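User: I'm new to this one. Can you walk me through the structure?

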Amino acid sequence: MDSRIAVLLAGLVVGAVAGGLAVAATQSPQSGVSVPSMGTTAATGCLSGDEPRAWVGQTSVDAGEYRAVYLQNYSFTHDTPNLAVRGDLTEASDGRWELALTTEAETPTKEVPDDCQPRTTVSASAALPPEFETLTVTLDGDEIVVIEHSGKQPAFRYLNESSR
């Protein structure tokens with residue numbers, strides 16, 4: 001009776017392992033990224049003249065699931081010392097996406113030192129469907145850049161102007 005239980009347990013273990021491997025082999029990998037989705041970060045300080053260059057880029061398609069598109073180090077000056085930046089990603093038409101960044105003065109405001117020109121640097125990323133055509137990024141309604149699908153290859157470039 002002990003040998004039958006051992007054979008039964010061994011059969012259950014082998015069956016569970018084989019079944020788990022079969023399920024893992026037939027399922028496509030999941031990235032955990034929602035498509036479409038986006039995120040933004042912003043930091044405000046004083047204009048120094050040493051701001052990093054703004055750039056845009058996109059990765060190659062990640063296992064056919066999505067395309068990561070980036071806007072990094074985009075700086076602009078303003079008069080308000082406390083500024084909030086929010087983003088909204090929408091599909092304007094088939095394959096044409098818009099990332100609308102909007103600014104809003106935060107309260108309570110603090111005094112701006114005499115020797116400081118407030119400057120905010122924004123970075124944003126979006127996970128788009130792999131077949132997207134363009135991503136237009138705007139700031140308070142003004143176009144910053146249009147990023148066109150680069151085919152299968154990743155693509156990165158600096159923006160001509162890093163401030164508005």
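Here is a short walk through the model, from the overall layout to single residues.

Analyst: Some ground rules. This is a predicted model, where local features need pLDDT of at least 70, side-chain atom pairs count only at pLDDT 80 or more, and totals for chains, interfaces and linings use all residues. Residues are numbered from 1 along each chain as its sequence is written, and side-chain values use heavy atoms, with hydrogens and water left out.

User: How many helices and strands does the protein chain have?

Analyst: One helix and nine strands. The order from the N terminus is α-β-β-β-β-β-β-β-β-β. Helices (H or I, at least four residues) and strands (E, at least two) are DSSP runs, numbered from the N terminus.

User: What is the mean pLDDT of the chain?

Analyst: The mean is 80, and 76% of the residues reach 70 or more. pLDDT is the predictor's confidence in each residue, from 0 to 100.

User: Which element has the lowest mean pLDDT, and which the highest?

Analyst: Helix 1, residues 2–26, has the lowest, at 47. Strand 7 has the highest, at 96. Over residues 12–30 the pLDDT is below 50, and that stretch has two contacts in the model beyond near neighbours in sequence. Contact means heavy atoms within 4.5 Å. Where pLDDT is low, the predicted coordinates should not be read in detail.

User: What share of the residues counts as buried?

Analyst: 29% of the 164 residues. Buried means under 20% relative accessible area, exposed over 50%, and partly exposed in between (1.4 Å probe, protein chains only).

User: What share of the contacts joins residues 24 or more positions apart?

Analyst: 71%, counting contacts with a separation of 6 or more.

User: Switching to charges. How many salt bridges are there?

Analyst: Two. A salt bridge is a side-chain nitrogen of Lys or Arg within 4 Å of a carboxyl oxygen of Asp or Glu. Side chains of opposite charge can pair when their charged atoms come close. One of the bridges joins R119 and E51, with the closest N and O atoms 3.0 Å apart. R119 sits in strand 6 (residues 118–128), while E51 is in the loop between strand 1 (37–46) and strand 2 (55–58), so this pair links distant parts of the chain, 68 residues apart.

User: Is R119 buried or exposed?

Analyst: Buried, at 14% relative accessible area.

User: What about R96, which residue does it bridge to?

Analyst: E133, with the closest N and O atoms 3.4 Å apart. R96 lies in strand 5 (residues 96–105) and E133 in the loop between strand 6 and strand 7 (134–139), so the pair ties together parts that are 37 residues apart in sequence. R96 counts as partly exposed, at 39% relative accessibility. E133 is also partly exposed, at 38%.

User: How many aromatic pairs turn up?

Analyst: Two in the whole structure. Rings of Phe, Tyr and Trp (its six-membered ring) pair if their centres lie within 6.5 Å; planes under 30 degrees apart count as stacked, over 60 as edge-to-face and the rest as tilted. Y74 and F76 have ring centres 6.3 Å apart and planes at 35°, so they are tilted. Both residues are buried.

User: Which residue lies over the face of Y158?

Analyst: R53, at 3.7 Å from the ring centre. A charge sits over a ring if NZ of Lys or CZ of Arg is within 6 Å of the ring centre and within 35 degrees of the ring normal.

User: Let's look at L89. Where is it found?

Analyst: In strand 4, residues 83–93. L89 counts as buried, at 16% relative accessibility. Leaving aside neighbours within four places in sequence, its contacts include P36, W97, L99 and L135. The C-alpha atoms of L89 and A100 are separated by 6.5 Å, with the two residues eleven apart along the chain.

User: Back to P36. Where does it lie?

Analyst: In the loop between helix 1 and strand 1. The peptide bond from V35 to P36 is cis, with omega near 0°.

User: What is phi of N73?

Analyst: Near 65°, a positive value in a residue other than glycine. N73 is in strand 3, residues 67–77. D140 has a positive phi too, about 50°, although it is not a glycine. D140 lies in the loop between strand 7 and strand 8 (142–148).
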